[in-house]
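Have a look at the model first.

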Amino acid sequence: MRIGIVCYPTFGGSGVLATELGKALAQKGHMVHFITYQQPVRLNGFIPNIFYHEVQVPTYPLFDYPPYETALASTMVDVIKNNNLDLLHVHYAIPHASAAYMAKQILKKEGKTIPVITTLHGTDITLVGRDKMYAPVVTFSINESDAITAVSQNLRDETFKHFKIEKEIEVIVNFVDVSRFSRKPIDAFKKVIAPNGERILLHASNFRKIKRVQDVVKIFAEVNKQKPSKLLFVGDGPERSTAEDLAKELNVFDEIRFVGKQEQMEDILAIGDLFLLTSEYESFGLAALEAMAAGVPVVSTNAGGLSEINIPGETGYMSDVGDVDSMSKQALSILKDDATLKLFKEKAAAHAKKFDITNIVPVYEKLYERFL
Ligand code: GMT
């Protein structure tokens, strides 16, 4: 098949998922065309069957806001025509679903039908999409998609709750390439981070308010009181300085490393003992799944779709949003001794296999085939 994929090219989960999907499809012999404003972060190196088309947004002194959606729709039209694409798969509704609708209408006038599949990822529905400045366009363009998928049952339910959706939303859960994340720890790296064999806790996100990174710091401070530990913060974003200030206040700043945005997540996760995800909402929590695939148990909130991936007492534990006390106790109960930690690590890795890329990519292929 000749497939167009539209996504955000950044470190966010939707872009990561879309890129990994495209790479897997290309490996299976499909021709995959990425249409984004920047090379997606996980699309590095030359991969046969993958083509990249950059959306260029011309500026003009009149434009306070360059019209990205218009440039995107025009690029879609161009790429679809020039490469005779069979379908377009857009990830994250805003503005990808509405740009796809526009491209579809333009092509229809020229006699070409292009099926559009929209995958909803989370904040496009639960946060940004619900804003009344976006909601009418989001609702319309989701309904105009030929197929709609959501990355968890929770997100499907949330979408029906908040938007007037007239079609079925199919749940296709996110996936992880287990073989990529089953890495042996790099000893030298581990020694740099935890020179005295301390436990290593991790958090990875875009440091937005919704992630509640201050709770990560609070939990870490509690854990560190009883079990000498280090904390690695991966990623960056607006709440980083809040986390730094709190770490200083709680006297744990020296035990924390902010490593910024990282492409080699598998090497970082390989040295980890526990992943903390304290979000107010996660439609799925791909970062937590990647941690599990690397054999790192997860202490998380029970928000959104997290209960669809984290099994209490097996892959980690869950608590109510903001219940730092409970999450600290849960973290300590996992980290208390080597035997318990080993058991959690094994169960986390085993559970992640259910979400392996080899199980989920064929589901997308089946969906595509319905439109050929
Ligand atoms: O979490 C973010 O802010 C990034 C966002 C995105 O769209 O890139 O992540 C969403 O999509 C991921 C991939 O499907 C999910 O794993 C995340 O749970 C989801 N984030 C939220 O729902 C907050």
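## Backbone contacts to the ligand

Start with S14: one of its backbone N or O atoms lies 2.8 Å from an oxygen atom of the ligand. Keep in mind that this is a predicted model. S283 brings a polar backbone atom to 2.9 Å from a ligand oxygen, and G285 has a polar backbone atom 3.0 Å from an oxygen atom of the ligand. How much of the ligand does the protein bury? On its own the ligand exposes 490 Å², and the protein buries 93% of that.

## Who's around it

Now for the wider shell. In total, 17 residues surround the ligand, and H121, N174, N206, K211 and E282 are the closest. Sorted by type, the shell comes to ten polar, five nonpolar and two charged residues.

Which domains supply this shell? Domain 1 (2–175 + 357–369) and domain 2 (178–355) each give at least three residues to it. As for the spot itself, the ligand sits in the largest pocket.

## The enclosed space

Rolling a water-sized probe over the atoms shows where empty space remains. Here there is one cavity of 30 Å³ or more, and the largest cavity holds about 50 Å³ of space.

What lines the largest cavity? Its lining includes V16, L17, E20 and R42, along with F175, V176, D177 and F181. L286, E290 and I357 also line the largest cavity.

Definitions and conventions
Residues numbered from 1 in each chain as written. Predicted model: local features only at pLDDT ≥ 70, side-chain atom pairs only at ≥ 80, totals over all residues. Heavy atoms only, no water. Near = heavy atom within 4 Å. Polar contact = N/O pair within 3.5 Å; in protein donor to acceptor, adjacent residues only side chain to side chain. Areas by Shrake-Rupley, 256 points an atom, 1.4 Å probe, with all protein chains shown as cover. 1 Å grid on protein atoms, 1.4 Å probe; cavity = no way out; pocket = protein on both sides within 12 Å on 5 of 7 lines; lining within 4 Å. Sits in = over half its atoms within 2 Å of the grid points. Nonpolar A, V, L, I, M, F, W, Y, C, P; charged D, E, K, R; others polar. Domains from an automatic or database assignment. Points joined across faces, edges and corners; volume = space filled by probe spheres on them.
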